[in-house]
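Visitor: I'm new to this one and would like to go through it with you. Could you put it up so that I can ask as we go?

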Amino acid sequence: MYKAAVKFASVEDAKTFAGICNEVDFKVELVAEPYVIDAKSLMGLFSLDFSQPIALRAYCQDDGSAFAEKIRPFLVAGDTDDEVPAHS
């Protein structure tokens, strides 16, 4: 499993991100406590607060480096799943 934090600056960013997630053959989730959203669902992404970093979990078979490269523009440096604050 690959874990990171992502952030979107615009609706276009979210659309691009969902498109990338739809190209992979593994499950990708965004976690904004208490919600777990399917990252391949554009409607699901629109339910999130884009002003905060969002925890990402990708259930890939490898270390996730190829996937990380694809989503690099959306990664938040230094944040991991455990460090992303809960959304209120």
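Visitor: Which residues have the most contacts inside the largest nonpolar core?
Guide: In this predicted model, the largest nonpolar core has 27 residues, and those with the most contacts inside it are Phe 8, Phe 17, Leu 30, Leu 56 and Phe 67.

Visitor: And which elements give two or more residues to this core?
Guide: Those elements are S1, H1, S2, S4 and H3, and the largest share, five residues, comes from H1.

Visitor: Ok, what is Leu 56 in contact with, leaving aside its neighbours within four places in sequence?
Guide: With those neighbours set aside, the contacts of Leu 56 include Tyr 2, Ala 4 and Val 6, together with Phe 17, Val 28, Leu 30, Phe 67 and Ile 71. Glu 29 is also among the residues that Leu 56 touches.

Visitor: Back to H1, then: which of its residues are buried?
Guide: The buried residues of H1 are Ala 14, Phe 17, Ala 18, Ile 20 and Cys 21. They lie on the same side of H1, because the arc they cover around the axis is only 160°.

Visitor: Why would residues three or four places apart point the same way?
Guide: An α-helix has 3.6 residues a turn, so residues at that spacing point the same way.

Visitor: What covers that buried side of H1?
Guide: The cover over the buried residues of H1 includes strand S1 (2-6), strand S2 (28-32) and strand S4 (54-58), along with helix H2 (42-45) and helix H3 (65-70).

Visitor: How far apart are the end C-alpha atoms of H1?
Guide: They are 17 Å apart, which agrees with the 16 Å that the 12 residues of helix H1 (residues 11-22) should span at 1.5 Å a residue. At the start of H1, a side-chain oxygen of Ser 10 comes to within 3.4 Å of the backbone nitrogen of Glu 12.

Visitor: Changing topic: is Glu 29 buried or exposed?
Guide: Glu 29, which lies in strand S2, has a relative accessible area of 8% and is therefore buried, since buried means under 20%.

Visitor: Last one: how many disulfides does the structure hold?
Guide: The structure holds zero disulfides. As for cysteines, Cys 21 is buried at a relative accessible area of 0%, and Cys 60 counts as buried at 8%.

Conventions: Residues numbered from 1 in each chain as written. Predicted model: local features only at pLDDT ≥ 70, side-chain atom pairs only at ≥ 80, totals over all residues. Heavy atoms only, no water. Disulfide = S-S within 2.5 Å. Buried < 20%, exposed > 50% of the residue type's maximum accessible area, 1.4 Å probe, protein only. Helix = DSSP H or I, 4+ residues; strand = E, 2+ residues; numbered from the N terminus. Expected span 1.5 Å × (residues − 1). Arc of directions from axis to C-beta. Contact = heavy atoms within 4.5 Å. Polar contact = N/O pair within 3.5 Å; in protein donor to acceptor, adjacent residues only side chain to side chain. Core = buried A, V, L, I, M, F, W, Y, C linked by side-chain atoms within 4.5 Å.
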